[in-house]
Amino acid sequence: MSQRATVNVVIRNKLGLHARPAMAFVDLAMSHASAVTVRRGSQEVDGKSIMQMMMLAATKGTELTLIAEGPDAEKACAALKELVDNGFNDE
Amino acid sequence: MKLSQIVAEGAILAPLASRERDQVITELIDALVACGAATAKNRDELLARVMEREKRGSTGFGKGVAVPHVKHKSVKGMRAAVGLAPAGIDFNALDRQPVFSVFLLLSPEDRPEEHLQAMEVIFKNLSKDTFRRFLRQAANAADVRTLLEEADNQILAG
């Protein structure tokens, strides 16, 4: 059964959503069946596309909304939120 | 931030001499040194750092483009070199496809916001089919320079 889940997150790591964290996000999003959309203000990008994720230019402190739609939407949102909350394990 | 301002004068290699990833990165770093965007003293370290970054995960992000990059204390502002390889480069890209266009970006160490803005402007254009197609068709550095300016002026359609 298809679900829809949304969660708000704040970028916490000092360097922001640069290439490696963006890649970690995309990898984790891809491991879920649900479609993942990331919203920053009025801008929306595909959370499974590294190129689109880099277009967010999300610095530390940026608020993003994660939207997952699909059979594992709740699980996808929870896992992605945890990654962002942990600062992408970025040094 | 404008793409045509990030790409250093004299740092457009169209075409690149090499088809091998490490050689391509070397050519682009050397072009940035030659045009004064990086210093000769730091050339080897920049090169080593870009290579090390590639080993941690390819910056061949798919669709025939790669964006190798490094942050370094000697770099004063966002400076990029562009290289074109019409025959394709094996960049160990995420989609396993050859890379035809490389944007190599140098950023200062302590300005993460500007680094993210530079990446945004690069990817905003590289994600457009039109931009990638025109870039692949560019015959020389002057063609690439014109394309960068058109992209900045938003003349190109998505």
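A charge is taken to sit over a ring if NZ of Lys or CZ of Arg is within 6 Å of the ring centre and within 35 degrees of the ring normal. In the predicted model examined here, local features need pLDDT of at least 70 and side-chain atom pairs count only at pLDDT 80 or more, whereas totals for chains, interfaces and linings use all residues. Residues are numbered from 1 along each chain as its sequence is written, chains are lettered from A in the order in which they are written, and side-chain values use heavy atoms, with hydrogens and water left out.

Two such arrangements occur in chain B. The charged end of B:Arg133 is placed over the ring of B:Phe134, 5.6 Å from its centre, and B:Arg136 lies over the face of B:Phe100 at 3.5 Å from the ring centre.

At the interface, 16 residues of chain A are in contact (heavy atoms within 4.5 Å) with 20 residues of chain B. The buried area, defined as the accessible area (1.4 Å probe) that two parts lose on being put together, summed over both, is about 1,500 Å² between chain A and chain B, and carbon and sulfur atoms give 76% of this area. A:Arg20, A:Met51 and A:Met55 supply 39% of the area that chain A buries against chain B, more than any other three residues.
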